[in-house]
Amino acid sequence: MKFAYKFSNLLGAVYRQGNLNFSKDGNAVISPVGNRVSVFDLKNNTSETLPVSTTKNITCVGLSPDGNLAVVVDEDGAALLVSLITRAVLHHFHFHKPVNSIRFSPDGRKFVVTKDSVALMYHAPGKQREYNAFVLDKSYYGPYDETTCIDWTDDSKCFVVGSKDMSTWVFGAERWANLLYYSLGGHKDVIVGCFFEKNSLDLYTVSQDGTLCVWESDTELDGLILKKSQGEPKAQRKGGDEEEEEEEEMGDTTEGEVIRGKAGAPKEKEETKNVRFTQRSKHFFNKQGDFNNLTAAAYHKPSHILVTGFASGVFHLHELPEFNLIHSLSISDQRIASVAINGSGDWIGFGCSGKGQLLVWEWQSESYVFKQQGHFNNMASLAYSPDGQYVATGGDDGKVKVWNTNSGLCFVTFTEHTSSVTTVTFTSSGFVIVSASLDGTVRAFDLHRYRNFRTFTSPRPAQFSSLAVDVSGELVSAGAQDSFEIFLWSMQTGRLLEVLGGHEGPVSCLCFSPVQSILASASWDRTIRLWDMLDSWQVKETIPLTADGLSVTYRPDGQELAVATLNGEISFWDPHTATQTRSVDGRHDLETGRKETDKITAKQSAKGKSFTTLCYSADGESLLAGGQSKFVCIYNVKEQMLMKKFEISCNLSFDAMEEFLDRRKMTEFGSLALVDEGAGDGDGVNISLPGVRRGDMSSRHFKPEIRVSSLRFSPTGRSWAATTTEGLLVYSLDGSLVFDPYDLDLDVTPASIRKQLRLQEWASAIVLAFRLNEKALKQEVLETIPHTQIPVVCGSLPDIYVEKLLGFVAASLEKSGHLQFYMTWAQSLLMLHGQKLKNRSAAILPTLQALQKSIQRHFDNLSKLCDFNMYNIRYATALSKQRGVKRAAEEDVVKGEEEEEDKDEELSEEMSVASLEDADLIL
């Protein structure tokens, strides 16, 4: 078992906070998700999470005009310079204070950052490699309160900054003689957006109370005059009522050149006339109710369209400067936190941080291009489909979502549950999802028609905390939290078959054996019971444990049982003899952190922590374990030792991330987090409710605690997933970087392999290539072999290389365009070595499932395409028949339609028979 798993994608969360950006071509949205950045490709309908993470949640992202670089800033002001081409971090920088917004100039040579009441202009990192990529050029002072938004003129000569003190400031990027700074008022609330008109100094400002001011400048951009450089710095003026116009601080180089603005316009020199702004008009938005603040705004300069988002989830489209309302729509019941428009102005992106929604709306056709939402509470559980193509998740928000592992997007959401979903699982067919919930129901969902086709309930209302479905998919069992009973239903009829009593505590976990009809149940009464489903549901065996049982799982071959208990141990049992074979003490491997509000140290609190979720790998050799900690541990079962620990998050915005609290936050009264700074009017420190297992349902806000609620290995063995406080994290094997020869010798070299290919010794070339185990070389060898020789080569391969070749074919089939070629390989291998492979089916099950997943995916794509083409051809032939034919009487038309229907039925029957034959051939 290889352990080179790397973080590959974050599912289940699409937007948290911060600003959205569109890529340069306008086909992708770049969205901050917690402390990571996700890129959603809207054309290909895929998502990707960059392998970059900050230490706290991201608040703003600045994108360079060429779309190659991004500056990502977190809550503390720590910035990363990220290349969007290589996905690598190029530079680390710290602004030391929270940053409100960041914008690159249109020519890409400068960027402005606003923090506190200052605007800082930096030289943008160039192509040459420099020691410090962030060189400060100028510091601009002027506003009295925090700055909120930035916009540049099209030629990068000036920029405008909005502030919370209700003023807007225009600054020159160079030292213009007639425009150094200019302050604009006119608003009664915080400035949300300020935008220049295209190729002009004319300006629009939007404030939080729903007011738009249109400002007209008396000078064009060409009329800006560069100031003559003076040899000596000016002496500072000390007049009583004279304004301090500007000053250049030569001594202090850390601030660069400093420009200090004052209220009112700067004094004019004799030879130059300063730029003046006049308010041309003032407009008010229809807010549709009180307390409905304007929260986000974006402006598309070429088409003069202003998009504004409100706290009620409504957005407006206006054409400026006439302020004509084009379009208004309510897209959410939460506040719109961010708005972005793509380069062409067709698509508008909206982010709602309350529910974690990300929407892309095409305003001309009035349709959604993209609509995704994660679970807005904790994720409770996950399950892989049998072919590893889909992942189902259940959350505390009562929703069951199904995600495609290839695209990383959710394609269906079931909302029938009215309370937290505790467990989800797939049946063996892969087309039915079963979920248990605290609302007292177990529901079965159909993935063909996307509907809830069965609802199972108990005679007395019970809260279901665990769930299992047997191998046949016929028996559904669920364990109750409050009545300590296990309920059994029939999937076919939906009737309750039996209520299994006997446990003296809540049933924490259920698991069916993969090879027999035996149900294992773990409970807080310190026992595991094995129930025989064939022998009138009697207890076959009762296994006593040393502590409360929290999780139980069968090995994929059904010959071993792993149990996690409350004392932090994982014990392994033989289910046939009910004897313990081995155990692992994993409490020290969990390494829990100390919460900010904890009175005791992490070392003391770790004594009460344990693993809450277990999962065997696809080959059964190792075990994944996770719990209330930021670590996921992989154990080797045979050696009973820890193989690797994965740190699932480094986000300090979560609680219990660090073992020791920051000494700077410790006072004589205890931790600063516990010190009540409220003025006695009820807004004290929010402490999460003690003893809450599945997230706090109260409305108070506090730091969420990091935990792993569920772990699952993909049936293909290439990846595993974990539901955490962050979302659904997927880790997969990155085979391209690992050199892992199988049976290396001195004569196994790329040169000798290519020599065998020239001599047309195909079988020996394959064996040598798999001994060296280089992916590119294996592909080269396989694709050099003529397709007519494939059955001959497959017949002469040694048995051990058959499995390796089958695994490689399954992996290649997923990405390669040579569909028939690799299908021929797979068919020949399975036909010639079928019996031997069947004898070892348990060991090679992950390979076969990977092969099935690849074939099924291609089959789905091709069948859709073929159906579409056939309907098009039929439509074209029908049209060609009608051309030149004069319309006959009404009855002739009716008769013709009936004949056409008969023909259609015959044709569709032929099609269905043909597609069935194709499916048989493929399988």
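Against which helices do the buried residues of H5 pack? I took this as my starting point in a model that is predicted.

**Entry 1. Helix H5**

I looked up H5, which spans residues 775–784, and listed its buried residues as Leu777, Lys778, Val781 and Leu782. Seen down the axis of H5, these buried residues fall within an arc of 130°, so they line one face of the helix. I noted that a general rule bears on this: an α-helix has 3.6 residues a turn, so residues three or four places apart point the same way. On the other side of H5, I found Lys775 and Ala776 exposed. To answer my opening question, I recorded that the buried residues of H5 pack against helix H3 (750–758), helix H4 (762–772), helix H7 (799–815) and helix H8 (819–832).

**Entry 2. Arg754**

I then turned to Arg754, which is found in helix H3. Is Arg754 buried, partly exposed or exposed? Its relative accessibility is 34%, and the partly exposed class lies between under 20% for buried and over 50% for exposed, so Arg754 counts as partly exposed. Leaving out residues up to four places away in sequence, I found that Arg754 touches Leu777 and Glu780. Leu777 is one of the buried residues of H5 that I had listed above. I also checked Arg754 against Ala765: the two are eleven residues apart in sequence, and their C-alpha atoms are 7.5 Å apart in space.

I next examined strand E37, residues 441–446, and found it mostly covered, with six of its six residues buried. Thr441, Arg443 and Phe445 point one way from E37, while Val442, Ala444 and Asp446 point the other way; all are buried.

Which strands pair with E37? Strand E36 (residues 432–437) pairs with E37 in the antiparallel sense over five bridges. In this pairing I located Val432 opposite Asp446. The hairpin of E36 and E37 has three residues between the strands, and there Gly440 takes a positive phi near 90°.

Strand E38 (residues 451–457) also runs antiparallel to E37, and six bridges join the two. I found that Thr457 in E38 is the bridge partner of Thr441. The hairpin of E37 and E38 has four residues between the strands, and in it Tyr450 takes a positive phi near 55°.

**Entry 3. A sheet of four strands**

I went on to an open sheet of four strands, whose order is E51-E52-E53-E54 and whose pairing is antiparallel. Which strands lie at the edges of this sheet? They are E51 (611–616) and E54 (641–647), each of which pairs on one side only. From one strand to the next, the twist averages 25°. I followed the pairing of E54 with E53 (residues 631–636), which is antiparallel and extends over six bridges. There I noted Lys645 of E54 as the bridge partner of Cys633.

**Entry 4. Confidence**

Finally, I looked up the confidence values. The mean pLDDT of the protein is 85, and 87% of its residues reach 70 or more. Where does pLDDT stay under 50? I noted residues 231–253, for which the model has 31 contacts beyond four places in sequence. I also noted residues 909–914, for which the model has three such contacts.

Key:
Residues numbered from 1 in each chain as written. Predicted model: local features only at pLDDT ≥ 70, side-chain atom pairs only at ≥ 80, totals over all residues. Heavy atoms only, no water. Pairing = 2+ DSSP bridges. Axes fitted to C-alpha atoms, helices over the stretch in contact; angles between N-to-C directions. Buried < 20%, exposed > 50% of the residue type's maximum accessible area, 1.4 Å probe, protein only. Arc of directions from axis to C-beta. Contact = heavy atoms within 4.5 Å. pLDDT = per-residue confidence, 0-100.
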